[in-house]
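Subject: Structure handover

Hello,

Here is the structure I promised. Please look it over first; my notes follow below.

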Amino acid sequence: MAGALPQRLAGIAGEIVAPLVWLVFPDECRICGEPLGKATRIPVCGSCLRPPEPLSADYFCACCRTPFLNRAPLDEQGRCRLCRLGLRAFDAAYSWGAYEGRLRELIHLFKYGGVRPLGKVLGEWMALAMPRELSFDRIVPTPLHWRRRLRRGFNQAELLARQVARRFGKKPEGLLRRVRATAVQAGLSHSARRANVAGAFRTRKGISLEGQRVLLVDDVMTTGATATACARALKQAGARYVAVLTLARADRRPLLPATAGKEAA
Ligand SMILES: [Zn+2]
Ligand SMILES: [Zn+2]
């Protein structure tokens, strides 16, 4: 159980530090630089706070919703290579928008700029990306390693999950923990990312999810390696169905030549 106490302390530190951050009233929008004209807890102008366009593509994997440039990487059931090979442990994935432009800047402001109240706005948007008819037994945020949480003061996935859970009349539950720190995923290839996070997550002791439907919440999905590692842990604890909901997902289509589709999962 090493890590439980530091984890709790990290949470407490976050609660104490955050209100001090909110007392800073900048006079210009932190996205576009326009003067704000009023004190606000979210230093972003009204036009930058409009919901961005949802992610659109002509071709999506039917299971993980990865966008593709053409139909080539998808099989008859519409699944991409990773889903076909069973390399994804989750059953479905939903996302509000593409991780670029204004949405990316808003996420950075929220995550690294310490603008916690943005979590409410962003969480409400992402809840809209879920089909209405879905239901879940548990809503689970992707955990941060306690050291990273201490540095940031909060876990962004947890704040987003609060808004999402509200839509289902539930509370988010921190059922997962990170059992080891992992290298930052940015810059790693897909298989290196998978190796980096494999086995990094466990459910908390004594948790049984036997036969349950679980919604895993995170801010950004890049290759889905973290989501897969979390989903695997949830399924080991008995979960029957795991869906992943992220605010944004990296759209890697522009990086891929159209003919490389088959490797482009
Ligand atoms: Zn603005
Ligand atoms: Zn897929």
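An open sheet of 4 strands runs in the order S3-S8-S7-S4, with parallel pairing. S3 and S4 are the edge strands, each with a single partner strand, so one side of each has no neighbour in the sheet. On average, neighbouring strands are turned by 20 degrees against each other, direction ignored.

Conventions, briefly. This is a predicted model: local features need pLDDT of at least 70, side-chain atom pairs count only at pLDDT 80 or more, and totals for chains, interfaces and linings use all residues. Residues are numbered from 1 along each chain as its sequence is written, while chains are lettered from A and ligands numbered from 1 in the order in which they are written. Helices (H or I, at least four residues) and strands (E, at least two) are DSSP runs, numbered from the N terminus. Strands pair if DSSP finds at least two bridges between them. Buried means 20 or more other C-beta atoms within 10 Å of a residue's own, exposed 12 or fewer, partly exposed in between, with C-beta atoms placed from the backbone. Contact means such C-beta atoms within 7 Å. Axes are lines fitted to C-alpha atoms, for helices over the stretch in contact; angles run from 0 to 180 degrees between N-to-C directions.

**Sheet**
S7 pairs with S8 over 8 bridges, in the parallel sense. Valine 214 has valine 242 in S8 as its bridge partner. S4 and S7 are also parallel, over 4 bridges.

H3 lies across S3, S7 and S8, at about 100 degrees to S8. H6 lies across S4, S7 and S8, at about 130 degrees to S7. Buried residues of H6 (156–167) include Gln156, Glu158, Leu159 and Val164. They pack against H3, H4, S4, S7 and S8. Just after H6, glycine 169 has a positive phi of about 65 degrees.

**H8**
H8 (225–236) has 12 residues and reaches 17 Å from first C-alpha to last, close to the 16 Å expected (1.5 Å times one less than the number of residues). 9 of the 12 residues are buried, so H8 is largely enclosed by the rest of the structure. Among them are Thr226, Thr228, Cys230 and Leu234. The cover includes S3, S5, H7, S6, S7 and S8. Glycine 238 follows H8, with a positive phi near 110 degrees.

Best wishes

Definitions and conventions. Two residues are in contact if their C-beta atoms, placed from the backbone, lie within 7 Å.
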